[in-house]
Amino acid sequence: MRRAAFLTILLATLLVLGTGCAVRQSSAPRLPLVQDAGAYHGLPGDARLMSPDIQAAAWSDFLARHFDPWDRVRPEFPAEKVFWGLTVFADRPLFGENVLARGPEWLAAMADASRVGEYPSLSRRAVSVVNTSMRVLPTDKPVFLDPSQAGEGFPFDYMQNSLVLAGTPLYATHESADRAWILVESRFAYGWVRATDIAWVNDGFAKRFRADTYAAVVRDGVSLVDQDGIFRCTGAIGALLPLAGNAPGDGDAADKGLTVVVPARDDQGRAVVKLAHISPGDAEPAPLPPTPDNFARLAGRMIGEPYGWGGLYGDRDCSATTMDLMAAFGIFLPRNSSQQAKLGWVTPLEHGDEQAKKNLLLEEGVPFLTLVRKPGHIMLYIGSENGQPVVLHTVWGLKTRRNGVEGRAVIGRTVITTLEPGADLEDLARPDGVLLNSVNSFNTLP
């Protein structure tokens, strides 16, 4: 009895304490638009949005960037950039997975694990053999900023840099003290990955993998099983793999599916070639024709998928969605939204009022090729509805404010909205919670 009473009091105390530090969240905003990526562009479905010559040039540039890590003989980035996490977080309160503060000894241990003074300790070609998380420091443990603040805490793990899809060429530059982590560079980002998630590439493997024809995975969650019946990795939109059979021109290849090269890791950590057959509809010869129908089909398969900060849990954030979608069409995008917003033909919107911003985007935007940017967020323009620009984006939430307390109306997934979602929310923070208010540019690719 005495123990039960104690537990009851303890539980009540924890609930009170938890309530005091909780971040207020509003109801999710309504999504009045039809969640159909092909419903807004108003173009012939088979119209080419890029000429063959322009797409061919974009594809050539994409492949050069994709395989550039294998051509490097020294790191692209100096130590002060590579180990930025050790300095940026040095004077900030950090919190762990238990929502308790991490002491300075935690970051000191990370510095020891990173072997900063010995960088670079490697110069080797590698390839990811599974979908893997690229981390800021060599650890799976999360780092959160103050969870009691709106827009912090879960899911914003500041150790998460990006998701790296299976089959991505990498350049390994450094090894952690325990040899469990490898620092790598890819076409779009750099960071630490698990040593067992990559394999070392020799000339023979590189020649086989650096092929003339490729398949683009066009659906998430595709199980890639090799010719021996062994599961190797999961394919996702954004993944490109060399074709090994049923290449374009094979007649009824589309009805048979495609055979692709998938990388595997042998017991010495070396990359070996395996073949996997992908069912019809799960992969197509790359790059895909840049038509509204094709863009809408792939984008539609992303709608409703959960938000994943930095690719956490294999999900996407805003810039990963745009990067992965464009990859299937042979268009290179960097990983960071601010860098994506600098590509192509850029139109500044910093000085226009809200209606002027919308009018200019409607006049000059190209559905599926125009990116719309606000600081910290990127969206894909896909057309219009009743005179309003319509965008597809992966978004965590909208800023709210009630009685001076800031919160979030969580969306937490990939959605189609106008540039003014959440207008139905009484506590939407105005004007800073309205996306359109902070949109400052759009840019048209490639």
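**Start at a helix crossing**

Helix H8 and helix H9 cross in a right-handed way. Select H8, residues 292-302, together with H9. Their axes come within 10 Å and cross at roughly 140°. Each axis is a line fitted to C-alpha atoms over the stretch in contact, and angles run from 0 to 180 degrees between N-to-C directions.

Now show the side chains. On H8, the contact is made by Phe-295, Leu-298, Ala-299 and Met-302. On H9, Thr-321, Asp-324, Leu-325 and Met-326 take part. Contact means heavy atoms within 4.5 Å. By class, this contact has 6 nonpolar, 1 polar and 1 charged residues. Ala, Val, Leu, Ile, Met, Phe, Trp, Tyr, Cys and Pro count as nonpolar; Asp, Glu, Lys and Arg count as charged; the others, Gly among them, are polar.

Before moving on, note that this is a predicted model, where local features need pLDDT of at least 70, side-chain atom pairs count only at pLDDT 80 or more, and totals for chains, interfaces and linings use all residues. Residues are numbered from 1 along each chain as its sequence is written, and side-chain values use heavy atoms, with hydrogens and water left out.

**Zoom out**

Show the whole protein chain. Its secondary structure comes to 12 helices and 23 strands. These are DSSP runs numbered from the N terminus: helices are H or I with at least four residues, strands are E with at least two. The C-alpha atoms fill a box of roughly 70 × 60 × 45 Å along the principal axes.

**Look inside**

The structure holds 2 cavities of 30 Å³ or more. A cavity is a set of points on a 1 Å grid over the protein atoms alone where a 1.4 Å probe fits but cannot get out; lining residues have an atom within 4 Å of a point. Points are joined across faces, edges and corners, and a volume is the space filled by probe spheres set on them.

The largest cavity has about 160 Å³ of space. Select Leu-163, Leu-165, Phe-188, Met-323 and Asp-324, the closest to its centre of the 20 lining residues. Strand S6 (160-164) and helix H9 (318-327) each give two or more residues to this lining. Its classes are 9 nonpolar, 6 polar and 5 charged.

The second largest cavity has about 50 Å³. Select Val-82, Trp-84, Arg-135, Val-136, Asn-161, Leu-183, Tyr-190 and Gly-191 to see its lining. These divide into 5 nonpolar, 2 polar and 1 charged.

**Check the backbone**

Go to Phe-154 and Pro-155. A cis peptide bond joins them, with omega about 5°. Pro-155 is in the loop between strand S5 (132-135) and S6. Next, select Leu-445 and Pro-446. Their bond is also cis, with omega near -5°. Pro-446 sits in the segment after strand S23 (441-444).

Finish at two loops. Val-99 is not a glycine, yet its phi is positive, about 65°. Find Val-99 between strand S2 (94-95) and strand S3 (101-102). Asn-386, not a glycine either, has a positive phi of about 50°. Its loop runs between strand S20 (377-385) and strand S21 (388-402).

Terms used
On a 1 Å grid over the protein atoms alone, a cavity is a set of points where a 1.4 Å probe fits but cannot get out, and a pocket is an open set with protein on both sides within 12 Å along at least five of seven lines; lining residues have an atom within 4 Å of a point. A crossing is left-handed if the near helix is turned anticlockwise from the far one by less than a right angle, and right-handed if clockwise.
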